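Please walk me through this protein model.

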Amino acid sequence: MIKKVQNYLLHNHPLVWNTKIVPIACIIIPMHLLFFVIGYYNGALDFTETEDNYSSRSHELVLFFSALFSILACIIWLVYYLKNNAFKAFYPKTKYSLFKEWGLIFIISFMLCGFCISYYAGVDTKIRSYYSENEAMKRCKTLSDASIFYGDNFDSPDTEKKLVNDTLRDVELTYVLFNKHRHSLVSLYNKSITNYSFYDATWDSIETLKVKNWLVNNTQDSVKAVMKRFYDMGLEQHLKGNIDDKQWFSLVYTYPHFVQKRVIEDRERELYSPVDYTGMPEVANRKIDTLNEYIKESKNTKYIYYKTYLPIQELEYNYDKIAKNYTNPNVAPELFLLVFYLAFGFSLALFSFRVTSAKNWLIALVGFGIVNIILGMVTIIFNLETFYFIALFFISILLYGSIIYCIKRNTQKGISGVLLNSLLWAYPFFIPITYNLILESLRHYYGYYNHIYGQFRYDDYPVLQFLDANKSYMLWVNMVFVLVMMLHFSRVIRKWRALADS
């Protein structure tokens, strides 16, 4: 089948035939599907896992094998692709032939570099298959509201200015003030809800205030409903504590002051250590809260067991992963940018080798490296902050001017093949270099480096603030720029190829 397709392409679309895109696609596409399936499998959530006992499936190992396969597939493709070079026998018949060939090379390169996209797409698809975004947000809201009613993570006390020995100092308060009333530092009024990435700090503050108002107004039904939803979420995943939602409510709902004596822990037990390492220096002889915990030995190892606990760690850990996947998925625009530039760099290096010669390509590679080393050393030795970028900026313009001058004079190629390779490798950096030069110039102009770190107000300089905040968008603009310029350079190279060899 593939042989028939290739034979048809040879007679009707020789450019497509020459790139061997059909045979390599028949290998790459099934592998993309395989990596998607592997990602889908590895994206499965185990609701018994917590941050303490989580065992990674090692995404890094999968990505290593994807990179290894990319290299092997690339070698096989290059063996067949480099067998035939139309430039050695005849010139392209149309002015866009070069651009089309580079485009096909780029597509193959993108497929070879993009296995990570397929893998992470599988991971994201699996994680999101558990709940829709709206449902996941509702469940995370339940976890947030319920978090005030478990654990002993009380907020740090506020401070106030007081005269101590005729000196005005910040003194910690021995109470928390809420709704114009004083409450104990170990009351529910001195706690905040757990944050999930669906919600920002403003939402957290509003939601914390709402839950505390339930306590002030003695709105028991709302509290019971949250606890019931939380408990049902655990049962749904076959997770249980040693109390149910009704017992939970009776233990923590101590109206009106809500001082917490019984603590609802987030796990059944933890390893016992007679030394508390939470502070510096070490605090010896950790005291056991006999009201809430006890020591028990299991297989010659001592553990602290909690008298009341719920499957909190498991739920928080897994729903946090779901929330983060919706708000910050693995397959993000940044990943596409990374793969694009990897594929573009490889396709450009191969294309430049294709249109010039191995000798010119190697000389350009050595020269390109030496020039960058020299510029970098000068920048470091003489502490010239923008010298490197300014030099590359003018070198890029000089290279382009040299090629155009050579074509206009219609002379022999000479060393222009080396210059052409260097130009093709340098121009993708033109927009980033220009952007950073403008940004640095504005920083010097507005006195950015005259301020102590963190004290410069970007709000006073909208242009500088805009440029500094939109560096990632510059890379997207540069992506369009390099594509358009490749169309232009394909026509320039076609004219350059017509020049006589030296």
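**A walk through the model**

Ser 70 touches Leu 112 and Phe 115, leaving out residues up to four places away in sequence; contact means heavy atoms within 4.5 Å. This is a predicted model, where local features need pLDDT of at least 70, side-chain atom pairs count only at pLDDT 80 or more, and totals for chains, interfaces and linings use all residues. Residues are numbered from 1 along each chain as its sequence is written, and side-chain values use heavy atoms, with hydrogens and water left out.

Ser 70 lies in helix H4. Helices (H or I, at least four residues) and strands (E, at least two) are DSSP runs, numbered from the N terminus. Ser 70 counts as buried, at 15% relative accessibility. Buried means under 20% relative accessible area, exposed over 50%, and partly exposed in between (1.4 Å probe, protein chains only).

Phe 65 also lies in helix H4, which covers residues 59–81. Phe 65 is partly exposed, with a relative accessible area of 45%.

Now go inside. The largest nonpolar core has 100 residues, and Trp 77, Phe 149 and Tyr 319 are among those with the most contacts inside it. A nonpolar core is a set of buried Ala, Val, Leu, Ile, Met, Phe, Trp, Tyr and Cys residues joined through side-chain atoms within 4.5 Å. Helix H12 (residues 333–355) gives the most to this core, with 10 residues. A second, separate core of 8 residues includes Tyr 435 and Met 474.

Tyr 319 touches Cys 140 and Arg 139, among others. Cys 140 is buried, with a relative accessible area of 0%. Cys 406 is buried too, at 9%. The structure holds 0 disulfides (pairs of cysteine sulfur atoms within 2.5 Å).

Last, a loop. Asn 190 sits between strand E4 (181–183) and helix H8 (201–216). Asn 190 counts as buried, at 4% relative accessibility. Its contacts beyond four places in sequence include Phe 154 and Asp 155.
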